[in-house]
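I opened the notebook to look up a few things in this structure. My plan is to go from the whole chain down to single residues.

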Amino acid sequence: LRKIETLNLSKLQLKTGDLDPRLFSRLRHLQKLDLSDNLLDKFPNSLTLPDLRVLNCNNNKLEDVTALKQFPLLEELTYENNVYLTLNDDYKVMFLLQNLRLLNGKDITKLANHVRRVNSRKLTSKVTAHWEKFFRDQLPEKYTAEQVKSIKKKFLKSVQTNVVYGPSSLSEFTRWRVKMIAEEFLAYSLGLELNTDPEPEEKMDENEEASTESPREAAEDVGQVVYIYDPLVTLTPSKRKRNHSKPGSGNKRSKSQANTEEEAEDVSAEPLHFLQCHSKGNSREDFKTQLWSCVFEPLLDCGARKDPIVSSSRTVATCGGESVCLIDCETGTVLKKYKVATEEFFSVAWTTLTMVISDSRKKSHNILAAAGRRGIVKLIHVAADFCYGEIKAHKKPIATVCFSPTQETHLFTASYDKRIALWDIGIPDCDYNFKASQLLVLEALSIPLRIAPVPTCPDQYLLAGCEGGCFAWNIKLDKEQKSRPFEAIFQFPDEDGAVTTSHRVDGLAFLNDDVVVSKSSKPGCIYLWSWSRSFEAKGKGYQRTVSAVILAELEWSTTDLSYLTLSTCPAKDYVFCGDEMGSVWMYNLSNYTSAWSSAKGKRSDKRIPPTQILKWPELRANGEQLSEVLINNVVSDPTFTYLVVLTSVNITAIWKKS
């Protein structure tokens, strides 16, 4: 083994566990190694090949390259057709391997020198400046180990969030280098023990990406896409909390240093962050962009980005204006931002596709669909930072989109052309080729605003709230008819006590398998009604007008403003709806649902008041209070840990349940 200089281990179905370090450590003079066309997802950290010069890893499943630093003499490296590796990984190996000349067949000598020297010098300067501006004065002359540990944690988090350099496509690499430089800086300045592992201390998903920049350091680099959280947006306390934290006690604050103080007995949720990340042209003066839709990322079996304390993802996709953002609700970090200059996004939706790689190995990935004014659906592979395709779904704007809960590739698009289309978006192959096909067209009499598959029969019926009423369609695919009229339209009480089918339904969601929550049949009113009992009354005849079986009515604002939509948290029996004053109305209906589920469940006589109303805090921008804040949408994660509030003034507010 010690005499071997060239070794070909390609096309052997090798997995990472097959690379035995004890065996490889005996290949002391190995210079060329071919591991192409295998199943490797990473390299063991201790292969000990001190003389390795050429390495071929093409056509594997590699997800990380930092372990390659163990081959310091490497001159030629190829890892093409590893679908999870990105441009950020190219830059990492250029930095880690000082002798690397050829990467994927290209001479990278000049670029690598720039990465190792110019890039490092710039980032070191920015990291040092960040410490001097914001952290140096926080450390007393005589400090304890505990104080140093605390400030190190805060500094590393802050510097990775706020130091940005180069294009946004390299923000993951920049964050990786900034952390490394910051740790070296602290080790030198404060005599701390240096963490030599270039990977983050807190394990993060490989696709996590911070692109949020402090305005104090903003836009030094021309063309930089800057995601601004403006420290000028401050939250002025209006109430006092009973138990005040002492200064320096380390209580968590939002990025805006928001003083959020409410009476202790009344707090069910507290504000964490107020983000201004959808600005047109990244302008800090933009308080006009409307934010419309937000959906929490589903969890992957392989472990999505999540808080260990809760069982649901803490990453949310939001859209408004020309951009779609991915936000970590706990930290308030904008992980990714997708921008289409000519678009105005109205809706986003997630699905999880089981994608087959070239060797028939399967892996689940979350795909985000985003659509809006142009009538085009963008399909984004989030982990790969790649918008891999688009579907020209409608000639008019798309109001809302949603995926089937049972068919992972089935996407509904509801458009201003008064049609709802059902698409099969297909599954992209390893080269991101995919084939989308239209399965159904549902004819509406007016513009569909909100859509919801019926939970008990999601492949058979779709419910929609439209400009002209609430409708249901049969969507079963075993029928030959591709274009279908509605099967039922629901009647509701009107303001005069009569019944009507003609009203704008701008809020629609299921609270559980049977209870529908709909809004805007008249001002100040949200109805809860039974899908099964209403639809059963239709019978098998040709009658299409059906009276909704009302179970209860919720108190809400008396405004006649439209498009302030509602949402539900079925696991916790909650309904949420924002109003025209910036408030969020929350209804805990757990005491009512069991009575409604019984066959003889009667309508609640009185309107059900909100359990709590979260008031909009006094936010100030450039010294002036933000006024006339409309809450366009409010959504909780499945366990009601976080509440994301989208406004008409380009502010995303994130609350956390106490």
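This is a predicted model: local features need pLDDT of at least 70, side-chain atom pairs count only at pLDDT 80 or more; totals for chains, interfaces and linings use all residues.

**Entry: the hairpin**

I looked up strand β13, residues 323-328, and its partner β14. The two strands pair in the antiparallel sense over six bridges. Four residues lie between the strands of this hairpin, and G332 takes a positive phi near 75° there. I then checked one facing position. L326 stands opposite K336, which belongs to β14.

How many residues of strand β14 are buried? I found six of the seven in residues 333-339, so β14 is largely enclosed by the rest of the structure.

**Entry: the chain as a whole**

I stepped back to the totals. The secondary structure comes to seven helices and 42 strands. The chain has 658 residues, and 56% of them are buried. The chain total is about 29,700 Å², and carbon and sulfur atoms hold 48% of it.

Next I checked contacts along the sequence. Among contacts with a separation of 6 or more, 55% join residues 24 or more positions apart.

I picked helix α5, residues 171-190. Its 20 residues reach 27 Å from the first C-alpha to the last. That is close to the 28 Å expected at 1.5 Å a residue. Is α5 mostly covered or mostly open? I noted that 17 of the 20 residues in α5 are buried, which makes the helix mostly covered.

**Entry: T413**

I moved on to T413, in strand β20, which spans residues 410-415. The relative accessible area of T413 is 0%, so I put this residue down as buried. Which side chain makes a polar contact with the side chain of T413? I found H394, at 2.7 Å.

I also listed what T413 touches, leaving aside residues up to four places away in sequence. H394 is on that list too, and the other entries include V377, A393, I398, R419 and W423.

**Entry: aromatic pairs**

I searched the whole structure for aromatic pairs and got 27. I opened W292 and F346 as an example. Their ring centres are 6.4 Å apart and their planes stand at 90°, so I recorded the pair as edge-to-face. This pair links distant parts of the chain, with W292 in strand β11 (residues 291-296) and F346 in strand β15 (residues 345-356), 54 residues apart.

I compared the two against the cut-off, since buried means under 20% relative accessible area. W292 has 22% relative accessibility, so W292 counts as partly exposed. F346 has 10%, so F346 counts as buried.

Then I took F492 and Y527. These two form a stacked pair, with 5.9 Å centre to centre and 25° between the planes. F492 lies in strand β27 (residues 488-493) and Y527 in strand β31 (residues 525-530), so the pair ties together parts 35 residues apart in sequence. F492 is buried, because its relative accessible area is 1%. Y527 is buried as well, at 2%.

Which residues form one aromatic cluster with F492 and Y527? I wrote down Y461, F490, W529, W531 and F535.

Conventions:
Residues are numbered from 1 along each chain as its sequence is written. Side-chain values use heavy atoms; hydrogens and water are left out. Buried means under 20% relative accessible area, exposed over 50%, partly exposed in between (1.4 Å probe, protein chains only). A polar contact is a pair of N or O atoms within 3.5 Å; within protein, one must be able to donate a hydrogen and the other to accept it, and residues adjacent in sequence count only if both atoms are side-chain atoms. Contact means heavy atoms within 4.5 Å. Accessible areas come from the Shrake-Rupley method with a 1.4 Å probe; for residues, only the protein chains shown count as cover. The expected span of a helix is 1.5 Å times one less than its number of residues. Two strands pair if DSSP finds at least two bridges between them. Rings of Phe, Tyr and Trp (its six-membered ring) pair if their centres lie within 6.5 Å; planes under 30 degrees apart count as stacked, over 60 as edge-to-face and the rest as tilted.
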